[in-house]
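Hi,

Here is the structure I promised to pass on. Have a look at it first, then read my notes below.

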Amino acid sequence: MTTQIQHIPRISVSLPQVGNTPLLLIRSLSTDKVRIWAKAEWEQPGGSVKARAAHAIISKAIRSGKLHSRNSLLDASSGNTAIAYATLLKPLGWKPTICLPSNASAERKNILRSLGAELILTSPLEGTDGAQIVAKETYAANPDKYFYADQYSNDANWQAHYLTTAEEIWAQTKGNITHFVAGLGTTGTFVGTGRRLKELGNVQLISLQPDHPFHPLEGWKHLATAHRPGIYDDTLADKTLVIDSTRVFDMIRSISIHERLFISPSGAANLLGALEVASQIKEGDIVTTLADTLDRYQEVRKEIFGK
Ligand SMILES: Cc1ncc(COP(=O)(O)O)c(C=O)c1O
């Protein structure tokens with residue numbers, strides 16, 4: 001009897017490169033002794049910081065065989081991670097399924113649909129917490145159809161920042177960074193970057209929180225009232241600062257005038273946090289991240305600039 005050996009074709013997948021974003025000196029907020037730097041995270045596939053986590057989550061899932069051409073990546077996202085997934089998967093011809101709060105901006109929904117993502121719209125009142133519940137239910141009802149990426153609990157999320165963002169910041173500041181400041185969404189940026197920076201040197205970690213649960217900072221979570229991400233490590237921050245969200249629009253306007261950058265609300269909030277840290281020290285190099293640009297927030301742009 002002859003045994004038929006079935007040759008399973010090896011899929012060779014190649015994803016676009018992520019990371020290596022510029023580190024910008026924010027001159028209008030810096031002095032000779034205290035400098036504020038920001039990573040221009042929009043300079044990646046999909047236009048946001050989430051390219052890093054999405055790339056790591058997808059690569060790990062493909063390597064382990066959990067994501068392949070016969071199922072679909074499923075996750076909850078307020079938009080940026082979803083766009084990153086859809087952008088990275090497009091060259092492979094694969095389409096993610098995204099649970100997205102229905103009040104996500106029209107431009108986000110349009111970008112996602114044009115990238116081929118399948119959208120499951122969830123309650124506008126429950127934000128990404130509600131979208132996570134729907135994603136879990138969708139997966140439980142049909143586990144063979146999906147790979148549930150679960151960015152809030154997937155270690156590949158923070159590991160992406162541990163392996164890339166932190167190393168880039170350390171090299172770009174020549175090891176001179178004294179403080180790292182970041183808001184918390186899935187918490188991947190803060191946890192991964194912070195963990196590695198603590199190993200590399202004596203770096204103070206400052207996490208930021210919005211001032212109330214119904215804040216305008218898309219991408220951020222108000223942890224006291226929201227579902228706590230599985231990857232969050234509450235022992236990591238040396239300090240937590242609360243950001244006055246009424247000052248965010250003024251910061252966006254100021255950075256547009258002085259730096260010629262159109263930053264998003266969460267980026268402006270990060271800079272407000274960095275400025276608060278700067279007011280408390282005599283010298284140092286404070287680093288934060290600018291997750292994406294104002295292009296993704298047309299309503300906010302209109303409110304600030306009138307067009
Ligand atoms: C605009 C924006 N800012 C900040 C964050 C927070 O990043 P992280 O999820 O790594 O905590 C996100 C996350 O989606 C975001 O979309």
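Below is what turned up, starting with the ligand and moving on to the domains.

Before you dig in: this is a predicted model, where local features need pLDDT of at least 70 and side-chain atom pairs count only at pLDDT 80 or more, while totals for chains, interfaces and linings use all residues. Residues are numbered from 1 along each chain as its sequence is written, and side-chain values use heavy atoms, with hydrogens and water left out.

Which atoms does the ligand meet? A polar side-chain atom of Thr186 sits 2.6 Å from a ligand oxygen. Polar backbone atoms turn up too: one of Gly185 is 2.8 Å from an oxygen of the ligand, and one of Thr187 is 2.9 Å from a ligand oxygen. On its own the ligand has 380 Å² of accessible area, and the protein covers 95% of that (Shrake-Rupley method, 1.4 Å probe).

Now the domains. The assignment, which is automatic or from a database, gives domain 1 (23-46 + 163-305) and domain 2 (50-148). Their centres, taken over C-alpha atoms, are 25 Å apart.

How many residues are in contact between them? On the domain 1 side there are 19, against 15 of domain 2, with contact meaning heavy atoms within 4.5 Å. Together the two domains bury about 1,400 Å², with 38% of it on carbon and sulfur atoms (that is accessible area, 1.4 Å probe, lost on putting the two parts together and summed over both). Pro45, Glu218 and Arg296 supply 38% of what domain 1 buries against domain 2, more than any other three residues.

Five salt bridges are counted between the domains (a side-chain nitrogen of Lys or Arg within 4 Å of a carboxyl oxygen of Asp or Glu). Arg52 also forms a salt bridge with Glu168, with the closest N and O atoms 2.9 Å apart.

Cheers

Methods. Polar contact = N/O pair within 3.5 Å; in protein donor to acceptor, adjacent residues only side chain to side chain.
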